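Hi everyone, thanks for making the time. Let's walk through this one together, and please keep the picture open while I talk.

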Amino acid sequence: PENHSLMASFQNEQNGSADSQFIQNGFSNITGIATGISYLGSKVLSAYVPLNIFGVQWVLIAEISEKESNLGINRLSMVLLIMALLSIISLVFIAFILSSSILTPVTSLTKITGEIAKGNLNKEIEWVDREDELGSLAQSINNMRNSIREHIAMIEEKNIELGQKITVIEDQNLVLQEADKLKDEFLANTSHELRTPTNGIIGIAESMLDGATGELEIQQKNN
């Protein structure tokens, strides 16, 4: 400043003198760093240290305006803020990727289990090639579906065998029914054929007992 140059300070001691709390602290043999009002009346960040050179007391003082000192802090704050925002965006992106990599397979496997519950065993199961817990879950569901398929195929095969046996039994029943019918007809015819001569024999025997052929002996009558 005009009145505080080296030459001006010695030419006009009254106007060129510099005085502040920091300078007074330095002359009091106090070293420090502090913020306050400079000898120019502005807010500054000041660092001061007392010096004694050949018996003369000096104060070495370095000052920077508060605004200028805060500029670096403001820049640092801005950098930190930008880094924080980038970190948040990165975390959100990573979380989205991770959630998609987990949620999509879980949703797909849930739909597949629903289809299996409805009886649809031909639904393609994805994610079985993954080497993690979801891959193990998909493989377990795939094994369960294959097991159900095998049991259903076994049941269908047994049903076919049972149907064939039922057909054989039905054919045998028809044969037995036909044989029973023939038996009944044979018995009916045989009974009719035997009834006529039997009645004739009974009539002849009764006539003989009545003496139509002469008197029978007692033994003959008893027989």
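N142 is buried, with a relative accessible area of 15%; buried means under 20% relative accessible area, exposed means over 50%, and partly exposed is in between, using a 1.4 Å probe and protein chains only. You will find N142 in helix α5. Helices here are DSSP runs of H or I with at least four residues, strands are runs of E with at least two, and both are numbered from the N terminus. Leaving aside its neighbours within four places in sequence, N142 is in contact with I125 and V128, where contact means heavy atoms within 4.5 Å.

A quick word on what we are looking at. This is a predicted model, where local features need pLDDT of at least 70, side-chain atom pairs count only at pLDDT 80 or more, and totals for chains, interfaces and linings use all residues. Residues are numbered from 1 along each chain as its sequence is written, and side-chain values use heavy atoms, with hydrogens and water left out.

How confident is the predictor? pLDDT, its confidence in each residue, runs from 0 to 100. The protein chain averages 78, and 77% of the residues score at least 70. Confidence is highest in β2, at 83, and lowest in helix α1, residues 6–11, at a mean of 53. Where pLDDT is low, the predicted coordinates should not be read in detail.

Back to the inside. Which residues make up the largest nonpolar core? There are 7 of them: L109, I112, I116, L121, I125, A138 and I141. Such a core is a set of buried Ala, Val, Leu, Ile, Met, Phe, Trp, Tyr and Cys residues joined through side-chain atoms within 4.5 Å. Helices α4 (66–117) and α5 (133–209) each supply at least two residues of this core, and the largest share, 3 residues, comes from α4.

Take I116 from that list. Setting aside neighbours within four places in sequence, I116 is in contact with L121, I141, M144, R145 and I148. R145 has its place in helix α5 and is buried, at a relative accessible area of 7%. Beyond four places in sequence, R145 is in contact with I116, L121, N122, K123, E124 and I125.

Now the sheet. Its 3 strands form an open sheet in the order β1-β2-β3, with antiparallel pairing. β1 (32–37) and β3 (56–65) stand at the edges with a single partner strand each, so one side of each is left without a neighbour in the sheet. Neighbouring strands are turned by 35° against each other on average, direction ignored. Strands count as paired if DSSP finds at least two bridges between them; β2 (residues 43–53) and β3 pair over 10 bridges. One spot to look for is V49, which stands opposite L60 in β3.

Last stop, the charges. The structure holds 2 salt bridges, each being a side-chain nitrogen of Lys or Arg within 4 Å of a carboxyl oxygen of Asp or Glu. K183 meets D180 at 3.2 Å, N to O, and K183 meets D184 at 4.0 Å, N to O. K183 and D180 are 3 residues apart in helix α5, about one helical turn. K183 is partly exposed, with a relative accessible area of 43%; D180 counts as partly exposed at 37%, and D184 likewise at 40%.

Note on methods. Axes are lines fitted to C-alpha atoms, for helices over the stretch in contact, and angles run from 0 to 180 degrees between N-to-C directions. pLDDT is the predictor's confidence in each residue, from 0 to 100.
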